Amino acid sequence: MKNICCPAAKGRPREFDVDEALAAALRVFWTKGYEGASLSDLTDAMGITRPSLYAAFGNKEALFRKALDLYESEKLAYMREAIQAPTARAVAERLLRGALAMQTSDCGDPKGCLRVISSVACGVEAESIRAEVIERRKSSSRTLVERFEQAKADGELPEDMTAEGLATYLGALLQGLSLQAGAGASREELERLVETSLAVWPTR
């Protein structure tokens, strides 16, 4: 674990674990979104003062980007593994089941998708954040399109189906799952969504 000493408002410097503080910030952003998370919400959850936050992470925007990096590297790790699956159907199944496992885990994480929540931020303050989140999602989509282009070349996709169309379809399923989880859908309801999606998946 990394520790850092930052000046407290009064008295001797405060030492805190940067990794734990960032994980706490991620939970706040994940629950409230970028705009909804106030500096007071963040410092209270992280157990640090505002000067300590600025010294360790920069401003709120910089903190969010670090939290988003953590979210993608830890919570969305299943996506990197899923893309290596041998067929387009296997890619879809691993992504859907990975998303299901994340949304129904018992580790206390918030529900829903941080990237979806933040992509709908609309205030002036959040415009650069919204643009970055959308660009990151586009990058993930491009990776999926490339994988499905290979599936198309391998003869897995119907002749009239494009890799872009299939990637968009799967992306909509994943976003729908995360939105329903965020709206309070039960584990059983989300499991039915995944099983139905796989039952009607259009490739072998």
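**Figure 1. Surroundings of Ser-178 in the predicted model.** The side chain of Ser-178 reaches the backbone oxygen of Gln-175 at a distance of 2.9 Å in this predicted model. Ser-178 belongs to helix H9, which covers residues 163–182. Its relative accessibility is 5%, so Ser-178 counts as buried. Leaving aside residues up to four places away in sequence, Ser-178 touches Gln-103, Gly-112, Cys-113 and Val-116. The view also takes in Leu-114: its C-alpha lies 9.3 Å from that of Ser-178, while 64 residues separate the two in sequence.

**Figure 2. Packing of helix H9 against helix H10.** The axes of H9 and H10 are 10 Å apart and form an angle of about 170°. The two helices are therefore roughly antiparallel to each other. On the side of H9, the contact is made by Leu-173, Leu-177, Gln-180 and Ala-181; on the side of H10, it is made by Leu-190, Leu-193, Val-194 and Ser-197. By class, these residues divide into six nonpolar and two polar, with no charged residue.

**Figure 3. Packing of helix H6 against helix H10.** Helix H6 spans residues 88–103 and helix H10 spans residues 187–199; their axes come within 10 Å and cross at roughly 175°. H6 and H10 are therefore roughly antiparallel to each other. From H6, the residues in contact are Arg-89, Ala-92, Glu-93, Leu-96, Arg-97, Leu-100 and Gln-103. Their partners in H10 are Leu-190, Glu-191, Val-194, Glu-195, Ser-197 and Leu-198. The contact of H6 with H10 has six nonpolar, two polar and five charged residues. Among the H10 residues shown here, Leu-190, Val-194 and Ser-197 also take part in the contact with H9.

**Figure 4. Packing of helix H6 against helix H8.** H6 also packs with helix H8, residues 127–153, at an angle of about 150° and with the axes 9 Å apart. Ala-88, Val-91 and Leu-95 of H6 meet Leu-144, Arg-147, Phe-148 and Ala-151 of H8. The residues of this contact comprise six nonpolar, no polar and one charged.

**Figure 5. Asp-17 in strand S2.** Asp-17 is found in strand S2, which runs over residues 14–17. With a relative accessibility of 12%, Asp-17 counts as buried, because the limit for that class is under 20%. A polar atom of the Asp-17 side chain lies 2.8 Å from the backbone nitrogen of Glu-20.

**Figure 6. The whole chain and the confidence of the prediction.** Of the 204 residues, 43% are buried. Among contacts with a separation of 6 or more, 62% join residues 24 or more positions apart. The mean pLDDT of the chain is 89, and 90% of the residues reach 70 or more. Over residues 7–13, however, the pLDDT is below 50, and this stretch has seven contacts in the model beyond near neighbours in sequence. Where pLDDT is low, the predicted coordinates should not be read in detail.

Technical notes: Residues are numbered from 1 along each chain as its sequence is written. This is a predicted model: local features need pLDDT of at least 70, side-chain atom pairs count only at pLDDT 80 or more; totals for chains, interfaces and linings use all residues. Side-chain values use heavy atoms; hydrogens and water are left out. Axes are lines fitted to C-alpha atoms, for helices over the stretch in contact, and angles run from 0 to 180 degrees between N-to-C directions. Helices (H or I, at least four residues) and strands (E, at least two) are DSSP runs, numbered from the N terminus. Angles under 35 degrees count as roughly parallel, over 145 as roughly antiparallel, 65 to 115 as roughly perpendicular and the rest as oblique. Contact means heavy atoms within 4.5 Å. Ala, Val, Leu, Ile, Met, Phe, Trp, Tyr, Cys and Pro count as nonpolar, Asp, Glu, Lys and Arg as charged, and the others, Gly among them, as polar. Buried means under 20% relative accessible area, exposed over 50%, partly exposed in between (1.4 Å probe, protein chains only). A polar contact is a pair of N or O atoms within 3.5 Å; within protein, one must be able to donate a hydrogen and the other to accept it, and residues adjacent in sequence count only if both atoms are side-chain atoms. pLDDT is the predictor's confidence in each residue, from 0 to 100.
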